[in-house]
Amino acid sequence: MFKNLPRVRWVHGPTPLVRADKLSDRFGFDLWVKRDDATGGVEAGNKVRKLEFLIGDAIAQGADTLITCGGIQSNHARATAVLAASLGLKCVLALSVTDTSAPLPCSGNVLIDRMVGAKLRLFDQTQWDRRVDLMHELAREVSASGGRPYVIPGGGSNGLGALGYVEAMREVREQLDAGIAGGEAFDLIVHACGTGGTAAGVALGAGLYGVAPVVRPMAVCDDAAYFHAAIASVIREARELVPALPVPAAVRVDERGKGPAYAVASVEQRRFLVEVARAQGWVLDPVYTGKALYGLAQAAGEDGALAGKRVLFVHTGGLPGLLAQGEELEGVL
Ligand SMILES: *Cc1c(COP(=O)(O)O)cnc(C)c1O
């Protein structure tokens, strides 16, 4: 579908589509997982799919420096930094911290950012609210010193990045057609939602390839109204870029996994992470995937309509975020 768009082929695809037997029994529906935590090595996770198109565009435009932003433990920033180093590009990351004078952490994603030589610029919350302007200021600095910058939005979430998840849904359709997961479409797709780009691509791809009629993004911050608007806006951008994209699947944002704040999990959520790891060998993270599956577990308990359904959970990665929260998890191990 996107043959004319520049693209860096990077995903180790197709990523596995497997059944979660123990969790299916526990939840009372048929739970399948798309292992997008396995889209690559240290760069793995959902961001690699978006970056295939975004970095493809950057290279086609002759850029030599990628600029993007995120929280200090951003998976997106880490994936961008690793791909930049792999492809011979420079990388500047605008990262938000609570205290710009505190020492830089040396764990999780930011450890990897530093290993691969990304240039880090730290911003406090007030500056972070102007992150789009900040990235353009950084781009002007790069240009002024003779570089060729390319700005990637937070989460890689724009119309172009979302196409990565349209492609992921094509991959699922091919797996179903090959008889995997019983060959039939799913009733529902569930995944963690942080900026809305993945949800936009999943909804477009699920509609295009008949993977499922409904997508339920699990908010890990903000609220449902914010995400419905954000997702609709990315869907609009993608359809302007590729007018052949048909009507997306229905999107119903769910807030049941959100927890106390972005990147902060409640004690129940932390206990749930450990239970899932022990029940199924799934090591989820406390920022995204753990909250999303927790939200789905709440829905399974509260919402009789899920009983017996075929549910596809997209495992979007995030392991370094877990490894940065060892202290927070110690009390529940
Ligand atoms: C970024 C991220 C998400 C959320 O994806 P968005 O497209 O930003 O909504 C989910 N899971 C993980 C592990 C992520 O890093």
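I take axes as lines fitted to C-alpha atoms, for helices over the stretch in contact, with angles from 0 to 180 degrees between N-to-C directions. The model I am reading is predicted.

**Entry 1: helix α8 on the sheet**

I began with helix α8, residues 197-209. I find α8 lying across β7, β8 and β9. Against β7, α8 runs at about 165°.

**Entry 2: the sheet**

Next I traced the sheet under that helix. What is the strand order? I read β1-β2-β10-β7-β8-β9, six strands in an open sheet. The pairing is mixed. I note β1 (17-19) and β9 (250-251) as the edge strands, each pairing on one side only.

Strands of a sheet pair through backbone hydrogen bonds, either parallel or antiparallel. I then took the pairs around β7 one by one.

- I find β7 and β10 parallel, over three bridges. Leu188 has Val311 in β10 as its bridge partner.
- I find β7 and β8 parallel, over five bridges. Cys193 stands opposite Ala219 in β8.
- I find β8 and β9 parallel, over two bridges. Val214 stands opposite Ala250 in β9.

Is β7 covered or open? I log β7 as mostly covered, with six of its six residues buried.

**Entry 3: helix α11**

I checked the length of α11, residues 289-302, first. The helix has 14 residues, which at 1.5 Å a residue should span 20 Å. I get 20 Å between its end C-alpha atoms, so the two agree.

How many residues of α11 are buried? I count 11 of its 14, so I call the helix mostly covered by the cut-off of under 20% relative accessible area. The buried set runs Thr289, Gly290, Lys291, Ala292, Leu293, Tyr294, Gly295, Leu296, Ala297, Ala299 and Ala300. I note that a lysine, Lys291, is among them.

What covers these residues? I find sheet strands in the cover, including β2 (30-35), β7 (188-193), β8 (214-219) and β10 (310-315). Helices α1 (21-27) and α10 (267-280) also belong to the cover.

**Entry 4: helix α4**

I moved to α4, residues 108-115. Its buried residues are Gly108, Asn109, Val110, Ile112 and Asp113.

Most residues other than glycine have a negative phi, and most peptide bonds are trans. I searched for exceptions.

I found a cis peptide bond between Gly13 and Pro14, with omega about -10°. Pro14 sits in the segment before β1.

Ala181 is not a glycine, yet its phi is positive, about 60°. I place Ala181 in the loop between α7 (159-177) and β7. Buried or exposed? Ala181 has 5% relative accessibility, so I log it as buried.

Ala263 also has a positive phi, near 70°, and is a residue other than glycine. I place Ala263 in the loop between β9 and α10. Its relative accessible area is 26%, so I log Ala263 as partly exposed.

**Entry 5: cysteines**

A disulfide is a covalent bond between the sulfur atoms of two cysteines. How many disulfides does the model hold? I count zero.

I checked Cys69 and found it in no disulfide, with the nearest cysteine sulfur, that of Cys91, 11 Å away. Cys69 is at 2% relative accessibility, so I mark it buried.

Cys221 is in no disulfide either. Its nearest cysteine sulfur belongs to Cys193, 7.4 Å away.

**Entry 6: the whole chain**

Last, I stepped back. I count 13 helices and 10 strands in the protein chain. The radius of gyration is 19 Å, close to the 20 Å from the globule rule for 333 residues, so I call the chain as compact as a globular protein of that length. I get a C-alpha trace spanning about 60 × 50 × 35 Å along its principal axes.

Of the 333 residues, 55% count as buried. I also looked at contacts between residues at least 6 apart in sequence. Of these, 79% join residues at least 24 apart.

Definitions and conventions: Residues numbered from 1 in each chain as written. Predicted model: local features only at pLDDT ≥ 70, side-chain atom pairs only at ≥ 80, totals over all residues. Heavy atoms only, no water. Disulfide = S-S within 2.5 Å. Buried < 20%, exposed > 50% of the residue type's maximum accessible area, 1.4 Å probe, protein only. Helix = DSSP H or I, 4+ residues; strand = E, 2+ residues; numbered from the N terminus. Expected span 1.5 Å × (residues − 1). Contact = heavy atoms within 4.5 Å. Pairing = 2+ DSSP bridges. Rg over C-alpha atoms; globule rule 2.2 N^0.38 Å.
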